[in-house]
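Please read it beside the structure.

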Amino acid sequence: MSDHKVKIKINGTEICCNRGDTILKAARMAGVRIPTLCHDDRLEPYGGCRLCSVEVKGVPRLLPACTTPVARKMEVITESETITRIRKRIVSLMLSNHPNDCMRCEKAGECALQDLAYQYGVDGSEYGGERWDLPIRQANPFIVYDPNKCVTCGRCIRICNEVVMAGTIDWVGRGFHTYPDTAFRKPRSLSNCEFCGQCVSTCPTGALIDKKGRGKGRVNELTRVKTTCGYCGTGCNFFLNVKDGKVVKVTSDYDAPVNHGNLCIKGRYGYEFIHSADRIKTPLIRRGDSFHEATWDEALDLIADKFTGLIKKYGNKSVGAFSSSRCTNEENFLIAKFARTVFRNNNVDNCARV
Amino acid sequence: MAGLATSLGAGAATNSLAQMPDIDMLFLFGSNPTEAHPIVSFYLKKALRNGAKLVVGDPRKTWMARRADVWLNLRPGSNIALLNGMVNVILQEGWENREFIEKRTEGFEELKKKVKEYDLETVEKLTGVSKGNIIEAARLYSHADKAMIVYGLGVTEHQTGTENAMAIANLALVCGHLGRPSTGIMALRGQNNVQGASDLGPLPSSFPGYQAMSNTGAREKFEKAWGVTLSTEIGLKSVEMLEKACEGKFKGIFILGEDPAQTDPNINEVRKALDSLEFLVVQDIFHTETTKHAHVILPGASFAEKDGTFTNGERRVQRVRKAVEPIAGKAEWQVICEIATRMGYPMSYRHPSEIMDEIASLTPIYGGISYARLEKESLQWPCPTKDHPGTTTLYTDLFSRPGGLAKFMALDHKGSGETPDSEYPYVLITGRVREHYNNGSMTRRSPGIMELVPEELLEINAEDAMKLKIKNGDKVSVSSRRGKIKVKVKVTDRSQPGNVFLTFHFPEALSNLLTSEHKDPITGTPEYKSCAVKIEK
């Protein structure tokens, strides 16, 4: 075993992990699930929600798995009566200041808080007391913020400041009245927000949601298709969420090799062009100054005839093709092959130079 | 890309994006990743948070420039002078990596002689960058352990674009900053599949995978696979086809998903060329400035409507998957096959995966790539065989030039094709803003994005605005020797005195009516980043 590896025991099973890894990471690698709310792999370890508390042999108190690094011969227990009692208490406290309106919440079905309440059998009736009654913020085109559903995990704040470095949101208020918001609680605009939706992508509850996808379908009604973004050359992956043959939303793919779930305004919110009414829907043939709708057969026959005619009349060097860096590799290969085998020349170029 | 290909062997980024957080020193040149490549900027920001030093070469005071240890605010078009000057400082001070130069490069003496002409006095005069900043940038770059140069279209979209990239390679080679993890040159590609479109051969002088047409072995391989005798004559670049069309010597073009009538420079000439054609077919998802000139318009399928692959700027081949049926019934690959078949060359594939299999069989750098593998893993080319894991860092051992050595190129400062004068006193730089994309045909259809950024804005420095007696929101006319547009003003210190900035996202204010006809003679890339304009109220 090299210096970079350490052996620890999780729930009695010995595993080998990297020095410097947290207990949470080591457990996940070993396939052991530890619940978390404030953790996101894209962010620095935080240790805010304490749901990942575990027992470590020889330590008299529980330790947060997300911030505790592994050490040689460490023995970790991830489930016990004490741990369950603590986790129930935490979820119960969260629900005591939460609207608990899952039936109409956009996040239902993929909400971490809902899942925890289900897992630990907590309904939020244990504690009474004051609840937030804060206005819902949605005076912008993309992001709806319902602070009443916030569990103050700080993930939105951290992704905005650690990853995007936009500094749009931070903690505001004191004590019970502390929650994330923009400076001076001003509406989001381009002067204080990039509208990348990174905060939405990390929010574990329905506090931050995509405005455009609202009401377009429950998570179990949507088909998620993993694909690669069609804008810049970074190559981000994401899921197109499809319902009834329409793309209704873009969501993060946290396992993507390039972007790990991160996206920008164009990737996350720039998808409406797909179903735009302005799309060209049929082949069009020019007659004089106007275009007339045609069938594929008519258009393709005409194209074949015209190019064949031009080649016959002016020689095969008189025609060529432009390809595009917007098209797929396969299409670019085919157009290169097309020019060489059909036009029988090398007059083929792409806008990669432009 | 031709620049890096000449110096190093391949026209591609040398490292992986995932290596960026570990770099010690970032030299960002002619690139504004926080707007044009936001996700790349997240990697770079992480490097900065980890303590990396930052030098930014950019005439605009971008987000990164504001945070730079050294901001090299060079005059547009003076890239080579600046880079030569930095190399000269490094050689004068003895900061170069002699072992690397001796073992892995050639042409050093010519370079050394050339950069001697670029002493600090001269460079300061040519670039407008202070001597102290040049020395400090050279020191930071040459002294770092893991130094990475990240460059963008601010380097390539000049008439000396190819040479600018070579000058960047010179700097990296002098310091031996290549061939190691987190150490190299990353070129950020503008569009989603620029890399793939270059890789897969719609180029007039090479077959897919950069196999030269002059290579008899390669030609015979393609002839055998495709069952035809291939022309040995080098074809025409797109700009050349358009020029010949103007002269009446070129008759028919099939344009797949491009909009030269909005995005090419000096578009009045482009329009004339398109109108001179006897037959123009344009396939696109929307009506564009170019479709107006077509004889037949074919509907395209968006990326959500077809299967395929894109190759990103770090050579990573990734799947595009069909989420919805093509709106018009057919995807581009099917259309190309049908036209070819109608013209007497039968092409038929049941699925794009079969096209990828053909690519793999003919293109060594993609040789090990298949859809089955891409379901399970993510591969960066070169990936020559089915069991090859792909390549994250290029040139760890040898450069992909004959002999395995990288080549220093001795380069002269030439400047921009058009420089400001008394009649047209301002330099216009064009580029993108974060919210929009290229000709805007996609982003302008997002009502939310249009609510945020509804129109073109001319970015101008407060000093110039005062001189011209204009203020935020005023409408001005911007004109060059080629055209004139009307546009609203945004006063900002992102523009330095003497420089103004426009995007090219809005057909109502076509900035490419203004941009110049000068282009890089090697690649044909237009000089979008510099032309002379005047501004009137």
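## Terms and model

Two strands pair if DSSP finds at least two bridges between them. Helices (H or I, at least four residues) and strands (E, at least two) are DSSP runs, numbered from the N terminus.

The model is predicted: local features need pLDDT of at least 70, side-chain atom pairs count only at pLDDT 80 or more, and totals for chains, interfaces and linings use all residues. Residues are numbered from 1 along each chain as its sequence is written, while chains are lettered from A and ligands numbered from 1 in the order in which they are written.

## Sheet in chain A

In β2(A), Asn18(A) is the bridge partner of Lys5(A). Strand β1 (residues 5–10) of chain A runs antiparallel to β2(A), joined by 6 bridges.

An open sheet of 5 strands in chain A has the order β2-β1-β5-β3-β4, with mixed pairing. β2 (13–18) and β4 (63–64) of chain A are at the edges with a single partner strand each, so one side of each has no neighbour in the sheet.

## Interface between the chains

Contact means that C-beta atoms, placed from the backbone, lie within 7 Å. By that test, 113 residues of chain B touch 98 residues of chain A. Helix α17 (residues 332–342) of chain B gives the most to the chain B side, with 7 residues. That side holds 59 nonpolar, 32 polar and 22 charged residues. Ala, Val, Leu, Ile, Met, Phe, Trp, Tyr, Cys and Pro count as nonpolar, Asp, Glu, Lys and Arg as charged, and the others, Gly among them, as polar.

β15 (residues 319–323) of chain A and β9 (residues 252–256) of chain B are parallel, over 4 bridges. Phe322(A) stands opposite Ile255(B) in β9(B).

The axes of α8 (residues 329–343) of chain A and α17(B) come within 9 Å and cross at roughly 10 degrees. α8(A) is therefore roughly parallel to α17(B). Angles under 35 degrees count as roughly parallel, over 145 as roughly antiparallel, 65 to 115 as roughly perpendicular and the rest as oblique. Axes are lines fitted to C-alpha atoms, for helices over the stretch in contact, with angles from 0 to 180 degrees between N-to-C directions.

Residues of α8(A) in the contact include Leu334(A), Ile335(A) and Phe338(A); Trp333(B) and Ile336(B) are among those of α17(B). The contact has 7 nonpolar, no polar and 3 charged residues.

Notes. Two residues are in contact if their C-beta atoms, placed from the backbone, lie within 7 Å.
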